[in-house]
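I opened my notebook to look up a few contacts between charged side chains. Here is what I wrote down, entry by entry.

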Amino acid sequence: MLEGVGLKKYFPAASGFAVGRPGAWVKALDGVSVRVAEGETLGIVGESGSGKTTLAKLCLLLERPTAGALRFDGKDTAAFDRDDLRRYRRSVQAVFQDPYSSLNPRMRVEDIVAEPLPADGGVSRAVVAERVREVLQLVGLRRESGALYPHEFSGGQRQRIAIARALVTYPKFLVLDEPVSALDVSIRAQILNLLKRLQEQLGLAYMFISHDLAAARYLATRLAVMYAGKLVEVGECDAVYTEPLHPYTEALLSAALPLHPGTRRQRIVLGGEVPSPVNPPEGCRFHPRCPRAMAQCSRQEPEWKEVKPRRFTACHLY
C-alpha cells in the first residue's frame, strides 16, 4: 500500500548548530526504504533523534523528501495532481502523541472530529453529524459526546477523540506517532486494544512509531529498527525480539523490561553518544559505540541484505 524507496531528508543546519561549517546539513533521514502492506502494522523503534518522526512526516506529506520516492498504491506521490492529493489526504491519516495539545480546546468534539471532512464535498450537515456520532461510538465514546469540549474528557478519552477524527474520512492507512506515550500506564492497554480491534474490523494498515518496545511488540506485525537516520534491521516482530541480528537491536532490546518479572537478561550498556546528524561517522554509523565493531566498520558502510528469510539488516557481521 505504502512504499518508501531510498528516502532522504536533509535540513539546513541552524546558525550555531554546526560551528565553523557554513552550508552544513542535518541528515535527519538518509536512505531509508520501507513498505507497508494492507492490514499490517509496521513498528518503527529507535532512540530519540533516529529519524522516526521525520519518516512519519514524509509519509503524511508534511515534508517532501530531499531524495528518494514515496509511492501509494503504486503511484509516486511526487506526480500527484490535486485530485490524487485529495484522495491521499482522505486515505492516510495521523494520530499524534499528546491528546492535550492535538485537540483544539475552543472547539466542540463534534467539530474537531468533523474537521477532516471536505467542506465542499456536497454532503449535508445531517450526514456529517451522523458520521461523527458513528465514529465516536466506534472508538468507545457515547454518541452524544460531540456536544462537549476536550477539557471535559480524560487523557484516554481525548486520545479516543483523536482516533475518531482520524477515522472519519474512511482512511486505509494510519500513522500512529507515539499514540500511548502521554497516557497513564493503566490506560495504554485500553488504547492499544482499541487500535487492534479497529484494525481487524476496518482492515486498516498502521505505521506505529514508539519508544515503548512492549507496545510495539503487542501491536506490530513487522518491526523496523532505526539508528542515526538509517534502518539497521527489519523483520517479523516476534523474530526480531527473540533473535535480534544487529548489535544495536540487541542493546535496545536489552534495555526493555522483560515480559515476565522472573526473566533474567544480560544488560548491554553502550558507551558514547548518538552521533551528530550534521557530521555522522564514516562507515557504519553505529561503529563508535558497537561492542562488536571490526576494522572495516569504520571505513565501509555495510550493505542492506536479507540474511534470513524475511530478515534484513545492515551489518558487516553478516
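I started with the term: a salt bridge is a side-chain nitrogen of Lys or Arg within 4 Å of a carboxyl oxygen of Asp or Glu. My model is a predicted one, where local features need pLDDT of at least 70, side-chain atom pairs count only at pLDDT 80 or more, and totals for chains, interfaces and linings use all residues. Residues are numbered from 1 along each chain as its sequence is written, and side-chain values use heavy atoms, with hydrogens and water left out.

**Entry one: lysine 9**

I searched the whole structure and found 21 salt bridges. In one of them, lysine 9 pairs with glutamate 63, with the closest N and O atoms 3.7 Å apart. Lysine 9 sits in strand S1 (residues 2-12) and glutamate 63 in the loop between helix H1 (52-59) and strand S4 (67-72), so the pair ties together parts that are 54 residues apart in sequence. Here helices (H or I, at least four residues) and strands (E, at least two) are DSSP runs, numbered from the N terminus.

Is lysine 9 buried or exposed? I found it buried, at 10% relative accessible area, while glutamate 63 is partly exposed at 25%. Buried means under 20% relative accessible area, exposed over 50%, and partly exposed in between (1.4 Å probe, protein chains only).

**Entry two: helix H4**

Next I looked at arginine 131 and glutamate 134, which form a salt bridge of 2.9 Å, N to O. Both lie in helix H4 (residues 125-138), three residues apart, about one turn of the helix. Arginine 131 is buried at 10%, and glutamate 134 is partly exposed at 39%.

**Entry three: a network**

Last, I noted that salt bridges link Glu3, Arg35 and Arg71 in a network.
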